[in-house]
Amino acid sequence: MFNRGAHLGTRRCPVDQDTLRILLREAVRETVAEVLQTVLELDRTAFLQVHGGRRNGYYPRKLETAFGQVDLKVPRDRESRYYPAFLKPYVRRLVDVGEVAVALYAAGVSQRKAAEILSLLLGHRYSHETLSALTDQVLEAAGAFRTRLLPEEMAFVYLDGLSLKVFREGEGIVRESVYVALGIAPDGERRVLGFWLLPAESALGWEGVLGELWQRGLRRVLLFITDGLPGLPEAIRRVYPQAEWQRCVVHGVRWSLSQVRSRDRGLLAEDLRRVYGAESREEALGALEEVKAAWGSRYPGVVGLWVQDSGAFLRFYGYPKVLWPYLRSTNVMERFIRELRRGTKVRDHKFPKEEAVYKLLYLESERQEGRWAERKLKGFSEVKEVLEKMLQERYAPRTQTLTHNS
């Protein structure tokens with residue numbers, strides 16, 4: 001009979017969390033081994049039913065899984081034609097450590113953290129130096145990505161950049177600029193045209209980038225969308241003289257509001273919104289005259305910017321209305337750069353060498369292009385033929401030639 005008193009008087013030793021984790025891991029590992037062994041048996045049976053032949057015992061094999069090492073008995077057939085479908089010859093891991101390391105790196109996980117995660121998953125300790133060596137396999141693919149041939153035409157090209165810290169031998173940690181070019185085809189497909197790491201952002205640097213895009217095959221562009229970096233419009237005209245330039249409205253508004261008193265920002269923002277939110281270019285110019293009358297004497301520098309660059313700010317009115325939200329700002333590009341910054345933030349915005357920068361840029365570019373392939377930008381399907389006709393008409397009269405030495 002059950003002795004309640006004896007049970008209540010017995011002191012039970014609590015199991016600490018580390019011991020519990022080990023026990024659970026061991027239980028799961030044993031279950032995984034049993035399941036894999038069953039799969040092996042069923043796989044050989046199915047093979048023999050289809051191809052004929054006879055069983056011929058087993059041979060031992062160790063396999064690394066996400067829950068630790070397991071011992072398997074791999075089935076054989078007499079004719080040596082059978083091999084388990086889910087095992088690769090000579091591979092001793094069910095999980096490819098290199099692939100996992102690259103995936104973790106692409107997701108913005110630092111190499112030190114990735115080493116810890118792999119150690120927990122696979123039961124082995126991996127140093128961050130080992131992880132760095134594994135992710136070095138990405139460099140060759142990154143080089144091919146950066147030099148791949150480009151389509152001959154893009155409807156729109158966005159140019160922008162971001163800054164980050166890189167370690168340079170003899171200089172220590174220095175801040176450098178990443179140049180990024182993003183293109184949109186007439187059908188709305190987005191493509192990362194390239195990325196470059198240079199000491200600082202400048203019009204001269206962008207001219208070199210544009211020259212490389214030309215050399216890689218991009219010959220026809222309708223519109224470049226950029227911020228107001230001095231000298232950039234001229235650099236664009238030297239390489240792509242038939243392309244137009246759209247100055248980012250959002251950048252213009254941000255700068256304008258930063259130059260006025262806080263009490264005036266709301267009213268000025270509303271007045272500027274009537275300019276770039278107008279239904280036509282003519283209406284926008286009328287709204288700009290009202291901005292000039294209302295604010296010109298108080299903030300001549302701000303109003304002067306909009307009047308002087310009104311052609312560039314309002315260039316988007318020359319394109320199909322459904323595309324205006326994409327063209328009057330660099331928001332499409334900024335969303336991509338935000339993803340890049342997420343990866344740099346995990347690394348504290350610092351990279352031990354230039355190659356580490358290219359790893360991150362390539363992996364994020366590949367990831368984003370994979371997502372973009374699943375859904376093109378809305379509105380482009382409606383105006384694809386219009387954009388193709390614009391390209392044909394603009395570039396048909398004569399062959400564009402590169403006008404600078406590169």
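Predicted model: local features only at pLDDT ≥ 70, side-chain atom pairs only at ≥ 80, totals over all residues.
Student: How is helix α9 oriented relative to helix α10, roughly parallel or roughly antiparallel?

Tutor: Helix α9 (residues 249–258) and helix α10 (residues 262–276) pack with their axes 10 Å apart, at an angle of about 155°. Angles over 145 degrees count as roughly antiparallel. Therefore α9 lies, relative to α10, roughly antiparallel.

Student: Which residues of α10 make the contact with α9?

Tutor: α9 passes α10 in a right-handed crossing. On the α9 side, the contact is made by V249, V253, S256 and L257. By class, the contact has seven nonpolar, one polar and one charged residues. The α10 residues are R265, L268, A269, L272 and Y276.

Student: Is the aromatic pair of F47 and Y82 stacked, edge-to-face or tilted?

Tutor: The ring centres of F47 and Y82 are 5.4 Å apart, with 55° between the planes. Planes under 30 degrees apart count as stacked and those over 60 as edge-to-face, the rest being tilted. The pair of F47 and Y82 is therefore tilted.

Student: Where in the chain are F47 and Y82?

Tutor: The pair links distant parts of the chain, 35 residues apart. F47 has 18% relative accessibility and Y82 has 7%, so both count as buried. F47 is in helix α2 (residues 17–51), and Y82 is in the loop between β2 (68–77) and α3 (97–106).

Student: What is the angle between the ring planes of W306 and F313?

Tutor: Both W306 and F313 are buried. Their rings form a stacked pair, 4.1 Å centre to centre, and the angle between the planes is 15°.

Notes: Residues numbered from 1 in each chain as written. Heavy atoms only, no water. Axes fitted to C-alpha atoms, helices over the stretch in contact; angles between N-to-C directions. Helix = DSSP H or I, 4+ residues; strand = E, 2+ residues; numbered from the N terminus. Parallel < 35°, antiparallel > 145°, perpendicular 65-115°, else oblique. Left-handed = near helix turned anticlockwise from the far one by under 90°. Contact = heavy atoms within 4.5 Å. Nonpolar A, V, L, I, M, F, W, Y, C, P; charged D, E, K, R; others polar. Phe/Tyr/Trp six-rings, centres within 6.5 Å; stacked < 30°, edge-to-face > 60°. Buried < 20%, exposed > 50% of the residue type's maximum accessible area, 1.4 Å probe, protein only.
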